[in-house]
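User: I'd like to learn how to read a model like this one, feature by feature. Could you walk me through it?

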Amino acid sequence: MKDLSKARNIGIFAHVDAGKTTTTERILKLTGKIHKIGEVHDGDATTDFMEQEQERGITIQSAATTCFWKDHRFNIIDTPGHVDFTIEVYRSLKVLDGGVGVFCGSGGVEPQSETNWRYANDSKVARIIYVNKLDRLGADFYRVVDQVKNVLGAKPLVMVLPIGTEADFVGVVDLLERKAYVWDDSGKPENFEVKEVPEDMKEKVDKYREELVETAIEQDDDVMERYLDGEEPDLATLKRCIRKGTIALSFFPTYCGSSFKNKGVQQILDAVVDYLPNPTEVPPQPEVDLEGNETGNFAIVDPEGPLRALAFKIMDDRFGSLTFTRIYSGKLTKGTAVLNTFTGKTERVGRMVEMHANDRTMIDEAEAGDIVALVGLKNVQTGHTLCDPKNPATLEPMVFPDPVISVAVVPKDKANGEKLGVALGKMIAEDPSFHASVDEESGETVLQGMGELHLDIKIDILRRTHGVSVEAGKPQVAYRETITQMVQDNYTHKKQTGGSGQFAKIEYTIEPLESGSGFEFESKVVGGNVPKEFIPSVEKGFKVMMDKGPLVGFPLLDVKVTLNDGGFHPVDSSQIAFETAAKAAFRQSMPKAGPQLLEPIMRVDVFVPEANVGDVIGDLNRRRGMIKSQDKGPTNIHIKAEAPLGEMFGYIGDLRSATSGRGQYTMEFSHYAPCPRNIVEQVKEEVKAREEAKR
């Protein structure tokens, strides 16, 4: 049996360009997993193995790897930073026990850092903080620590202080040991000396060490009492207190360095061993029934327990489908059958592999606390639970956001049309935030995703990875509809032909709900005027029609239908009659309920040089953007705004023109809001033109 106290399942997450992948490369080099360091900007980083990642210098999909440090086994997941791929971060954090949040020393806490931090808080993942790129112009460790407090509302526990800044950054002072670690200019991580604290830093080191000790000992009343009596806690006691507080999310040990220059990464590895939890130290996963209600049971991390595993990522490669799985309880052996509680079917585990980016090592057995990839499972998707067929249970499933942007693609010929269906099936299994459907009227395939870059990369993967030639149309906004007024109405469905007829009468109320409520149905029928067995048919009829709103034909949101009364015929009434009545009632009443078009509003974060702020704000105002705040950073101004997605297509080109290529922005979905009347008319015209073009 493995010693789980020496296992760490960790993720590395951050904003775009904070240096996650570079940090992962340094960790793999230091732990002896790779012998040559690959650089992101050269396109040869180990965990960025997709062509699209190497060309663009960004991480698109999370990559898993295993390595060892000081007798401890690390399962590491390097996640993407770009906002269009946050789904990768969310599902990785869901199965990890600890994380390393990387922040740029000059950029600080950026918008995507906030989103990732929020996800980590939701998943209750213990974290350490690593302020990277301290060799960069404008880098300031102390400013980033303040931002962690003020922007993230988190409590950083400063563990090291930087020696020098920007080009003069040479090493760090370890506050616990009061020792300075100084690297030479060779760029080799092992070339450092342990020295005394520099004279000019002693006062600062004493101040920060005192803060560190006082925060740590709050975790243990006995140690605190002895400290107040003048007894200084020893190193082992302090580390024990820091570990306890880190796992309880009371604070976050904070380190700094420069991964690119190989300075300060060893301290991160030591901190993972010393302070992040092993699989037995995190709260066990709650088990739920098939309706999603908690049963009160938990998947306790125990190799002898019943099998409980969560599939958190599907990846297709040249060897077949890989299902990345976190085992919470029990053992998984090659050749055994597992039950997928979502489909109710059992599948045989053919092969199991331990991943190192896109290389793999075959294994015969894995147990609680491991992250492995299973090869060749047929019907398993992200979020499905795999368990012991004799002792079934479901783990809490994952919830994914709906796409906000779509684009139509058409295969160039029939052969590509056949390949397209197969390729999309694989891609949807890999990415739950990517959807595809076929427009029945035009025969076009419509792809839906989280942003322009997301869809751009999906089309690129279709063409290059799967070899499907497609023509892509213009991106389309995923508008929605809702209603603004309450309507009370009734409808009678009568149809008399030869043989038995159809009869159903319903009296109902349709009313708007609060934003985000979805569709609700309630029956207030008493006295059996509508027999119980027909009420689900009424709900189904209304629910089916919600896909096409009365105004332009976009899906309808936030509506409640109450069935008040009705009537039936002992012979002619049936489920189909009541479903048909509900559909006709929808068509009759929804136009009377004040239908309204909703557009997706995006949260936009723009970083621009001070000289260009006026032009950029003017451009955002022209795009119907609302400026929320402006904050001065060390090298630029950070503008926070909200703007309709429909106005933001092609924004990157205009931003670069206005700022001579120096502006950057990120954008993520915020909420749906009512469209102005002129936009409603414009959308109607566009939809009409598209439908005529299809004919």
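Analyst: Let's start with one side chain: Lys 592 is partly exposed, with a relative accessible area of 45%. The scale calls a residue buried under 20% relative accessible area, exposed over 50% and partly exposed in between, using a 1.4 Å probe and protein chains only. Keep in mind that this is a predicted model, where local features need pLDDT of at least 70 and side-chain atom pairs count only at pLDDT 80 or more, while totals for chains, interfaces and linings use all residues. Residues are numbered from 1 along each chain as its sequence is written, and side-chain values use heavy atoms, leaving out hydrogens and water.

User: Which residue forms a salt bridge with Lys 592?

Analyst: The general idea is that side chains of opposite charge can pair when their charged atoms come close. The test for a salt bridge is a side-chain nitrogen of Lys or Arg within 4 Å of a carboxyl oxygen of Asp or Glu. Here the partner of Lys 592 is Asp 489, with the closest N and O atoms 2.6 Å apart. Lys 592 sits in the loop between helix H13 (575-589) and strand E34 (595-608), and Asp 489 is in strand E30 (residues 487-495), so the pair ties together parts that are 103 residues apart in sequence. Asp 489 itself is buried, at a relative accessible area of 15%. As for the labels, helices (H or I, at least four residues) and strands (E, at least two) are DSSP runs, numbered from the N terminus.

User: How many salt bridges does a search of the whole structure find?

Analyst: The search turns up 27. Here's another one: the side chains of Lys 412 and Glu 471 meet at 3.7 Å, N to O. Lys 412 is in the loop between strand E25 (405-411) and helix H10 (414-430), with Glu 471 in strand E28 (residues 470-477), so this pair ties together parts 59 residues apart in sequence. Lys 412 is exposed, at 54% relative accessible area, and Glu 471 is partly exposed at 47%.

User: Where do Glu 211 and Lys 207 lie relative to each other?

Analyst: Glu 211 and Lys 207 are four residues apart in helix H6 (residues 202-216), which means about one helical turn separates them. Their side chains meet in a salt bridge of 3.8 Å, N to O. Glu 211 is partly exposed at 40%, and Lys 207 is partly exposed at 46%.

User: Which residues are linked in a network of salt bridges?

Analyst: That would be Asp 619, Arg 622, Arg 623 and Asp 654.

User: On to strands. How many residues of strand E36 are buried?

Analyst: Six of the eight residues in E36 (residues 637-644) are buried, so the strand is largely enclosed by the rest of the structure. To find its neighbours, look for pairing, which requires DSSP to find at least two bridges between two strands. E34 and E36 run antiparallel and are joined by eight bridges, with Arg 603 standing opposite Glu 642 in E36. Strand E35 (residues 626-632) also pairs with E36 in the antiparallel sense, over six bridges. In that pairing, Ser 629 is opposite Lys 640 of E36.

User: What about a residue in a strand that I can check by its contacts? Which residues does Thr 445 touch?

Analyst: A contact means heavy atoms within 4.5 Å. Leaving out residues up to four places away in sequence, Thr 445 touches Val 407, Ala 408, Val 409, Leu 420, Leu 424, Ser 437 and Val 438. Thr 445 belongs to strand E27 (residues 445-449) and counts as buried, at 9% relative accessibility.

User: And backbone angles? What is phi of Asp 71 near?

Analyst: It is near 65°, a positive value in a residue other than glycine. Asp 71 lies in the loop between strand E2 (63-69) and strand E3 (72-78), and counts as exposed at 63% relative accessibility. Arg 178, also a residue other than glycine, has a positive phi near 55°. Look for Arg 178 in the loop between strand E8 (171-174) and strand E9 (179-183), partly exposed at 38%.
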